[in-house]
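Open the model in your viewer and keep the sequence panel beside it. The tour goes stop by stop, with a selection at each one.

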Amino acid sequence: MADGRQLTIIKVFRKYSHSLGPDTLQFLEEILEKHNIADNDVEFSIETIAREYNKQDDAAMKVSLDILRRVYDALQDQGNPGEAEELLDPDGHLYFVDAFEMPSWHWSQERGTFEKSSSPLTVAGSADSRIAAVRNRLHIIKQSILRNEHFSPSTLPSRDREHLVTLKSTKQLLGRAGERFLLLGMLAHNKEGKLCVEDSDGSVELDLSKMARTLRSQDDDEPGEGLYTEGCFALVEGEYNEDGILEVVAMGQPPCEDRETARSIYGHIDFLGQGSTSLLEDSQFARRIREELPDLYFFFLSDVWLDHPQTLVGLQKMFDNCIENSFIPKVIVMCGNFTSKSIMQGGGRDIQRYQENFDSLADLIASYPQITRETHFVLVPGPLDITGNSALPRRPILSTFTSHLRSKIPKVHFSSNPCRLKFFGQEVVIFREDTMARMLRNTIGIKPNVTGEVLRRYLVQSILDQSHLTPLTTHIQPVLPDFDHALRLYPLPTAVILADKYEKYKLTYSGCHVFNPGGFV
């Protein structure tokens with residue numbers, strides 16, 4: 001009979017989908033004994049080893065003793081004092097990631113992990129890539145759900161097994177009328193216009209008339225109700241009737257997996273294409289940033305209407321205040337719209353004014369030499385700005401309008417929408433879209449009768465639970481299928497800027513900080 005320590009070791013490695021043989025189990029027990037690890041600290045110690053083992057490129061599901069020894073030796077070396085640390089260089093760890101430059105990682109059902117796409121990415125996409133984009137969303141959400149404590153059974157005998165929730169597929173409903181099922185799938189309308197839930201095996205029509213409650217509580221630590229739109233994935237519980245319809249009694253958003261958990265499993269994958277770091281390195285950098293760079297700040301502005309008379313005045317006041325207080329930001333992100341009204345159908349004079357407004361912005365910034373020299377400026381286009389395409393992700397503002405800015409501001413970056421900012425171990429997603437209005441217009445099923453803070457929380461929960469910036473079908477929000485991964489929010493970023501014409505707000509959900517800067521004027 002296995003003792004308590006062995007059971008703990010097995011449980012921790014199983015969480016990372018790894019199994020242990022007698023030799024590796026004995027080796028881990030010897031490590032615990034060698035370092036006099038108390039029973040209360042066993043799980044933490046083994047968790048550290050399992051996490052590092054999982055990051056190895058050659059790690060197999062059946063734990064290899066040789067790789068395990070290598071991981072242990074590496075952890076031992078990390079504990080030894082090394083050379084004196086050099087001072088941090090913030091510019092050397094600051095990256096601006098364009099959506100069209102991010103590597104494409106897709107979920108492999110066969111390997112049970114992410115694989116890097118080898119085929120070239122195109123703006124046109126293909127029928128296969130459109131299907132793959134949706135399936136990737138489903139599989140990524142599903143694999144995190146199956147790791148959730150309410151869905152993942154223990155390998156050990158336990159009374160908790162009686163309380164586990166089991167996901168079923170639509171094909172398992174056939175011939176089982178009168179039984180209750182829990183499904184995970186995408187909410188959509190079929191050809192007859194009836195609401196249904198679709199998974200990789202099929203679809204089933206939904207009847208929401210009997211739904212009286214949701215699956216989730218509104219506790220601060222648990223996701224509550226959200227916004228259910230056509231194209232979002234939902235957990236749907238109901239009874240399958242003789243007519244082939246699922247009579248829904250409860251519906252909930254999929255549980256959100258926090259950043260640390262996801263990165264402990266997939267930390268070896270470089271999702272942004274700028275080099276991956278371990279959680280240990282991230283924590284070390286975070287400590288040093290607090291000590292060595294206490295006065296480093298990022299500014300985020302939205303709806304910087306350059307055609308509004310108060311915008312340049314407001315920017316001038318902001319720059320004056322920075323200089324007077326020796327408060328020079330490292331990064332200033334300016335999100336569109338950079339015009340207060342659409343000029344897509346405008347005349348030549350409107351187009352000329354649009355360019356002149358960017359020229360005026362360049363002259364204003366250049367009049368502050370210290371800010372021009374030290375601050376990075378990032379310009380993210382909005383829905384009304386002139387870019388190379390209208391589908392998401394959007395290309396940067398056309399270079400013909402920004403040549404004066406490029407010539408006068410050495411650290412200006414014209415980015416896609418969305419884009420990402422990587423600073424040491426922190427990842428910030430910047431997205432300019434009228435998200436609140438679009439989500440509310442396309443809510444299906446139960447319309448949330450909420451306003452204010454609760455409505456904002458619903459929006460943020462829905463976006464993060466869906467692990468995607470636009471959980472909508474492509475006929476509602478067109479997306480370039482080959483670049484759908486650029487809209488993905490998995491692993492969860494450190495922060496998400498949902499720049500929107502909606503009123504400003506800020507809140508934290510599952511450890512991710514989300515805020516809307518609101519309009520600048």
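Where is Leu121 found? Select Leu121: this residue lies in the loop between strand S3 (113-116) and helix H5 (127-145). Keep in mind that the model is predicted.

**Stop 1: Leu121 and its contacts**

Stay on Leu121. Its relative accessible area is 32%, so Leu121 counts as partly exposed. Now show what Leu121 touches, leaving out residues up to four places away in sequence: Ser104, Asp482, Phe483 and His485. Leu121 and Ala38 are 83 residues apart along the chain, and their C-alpha atoms are separated by 52 Å.

**Stop 2: helices H1 and H2**

Select residues 4-15 for helix H1 and residues 22-34 for helix H2. The two pack at an angle of about 115°, with their axes 11 Å apart. The range for roughly perpendicular runs from 65 to 115 degrees, so H1 is roughly perpendicular to H2. The crossing of H1 with H2 is right-handed.

Show side chains here. H1 brings Arg5, Gln6, Ile9, Ile10 and Phe13 to the contact, and H2 brings Leu25, Leu28, Glu29 and Leu32. Colour the contact of H1 with H2 by class: six residues are nonpolar, one is polar and two are charged.

**Stop 3: helices H8 and H9**

Move on to helix H8 (residues 309-324) and helix H9 (residues 348-366). At what angle do H8 and H9 pack? The angle is about 20°, and the axes are 11 Å apart. Angles under 35 degrees count as roughly parallel, so H8 is roughly parallel to H9. H8 and H9 also make a right-handed crossing.

Pick out the contact residues. On H8, select Leu312, Leu315, Gln316 and Phe319; on H9, select Ser360, Leu361, Leu364 and Ile365. By class, the contact of H8 with H9 has six nonpolar and two polar residues, with no charged ones.

**Stop 4: the cysteines**

How many disulfides are there? The count is zero, by the rule that the two cysteine sulfur atoms must lie within 2.5 Å. Select Cys232 and Cys196. Cys232 is in no disulfide, and the nearest cysteine sulfur, that of Cys196, is 12 Å away. Cys232 has a relative accessible area of 1%, so this residue is buried.

Finish with Cys322 and Cys335. Cys322 is in no disulfide either, with the nearest cysteine sulfur, that of Cys335, 17 Å away. Is Cys322 buried or exposed? Cys322 is buried, at a relative accessible area of 2%.

How values were computed: Residues are numbered from 1 along each chain as its sequence is written. This is a predicted model: local features need pLDDT of at least 70, side-chain atom pairs count only at pLDDT 80 or more; totals for chains, interfaces and linings use all residues. Side-chain values use heavy atoms; hydrogens and water are left out. Axes are lines fitted to C-alpha atoms, for helices over the stretch in contact, and angles run from 0 to 180 degrees between N-to-C directions. Helices (H or I, at least four residues) and strands (E, at least two) are DSSP runs, numbered from the N terminus. Angles under 35 degrees count as roughly parallel, over 145 as roughly antiparallel, 65 to 115 as roughly perpendicular and the rest as oblique. A crossing is left-handed if the near helix is turned anticlockwise from the far one by less than a right angle, and right-handed if clockwise. Contact means heavy atoms within 4.5 Å. Ala, Val, Leu, Ile, Met, Phe, Trp, Tyr, Cys and Pro count as nonpolar, Asp, Glu, Lys and Arg as charged, and the others, Gly among them, as polar. Buried means under 20% relative accessible area, exposed over 50%, partly exposed in between (1.4 Å probe, protein chains only).
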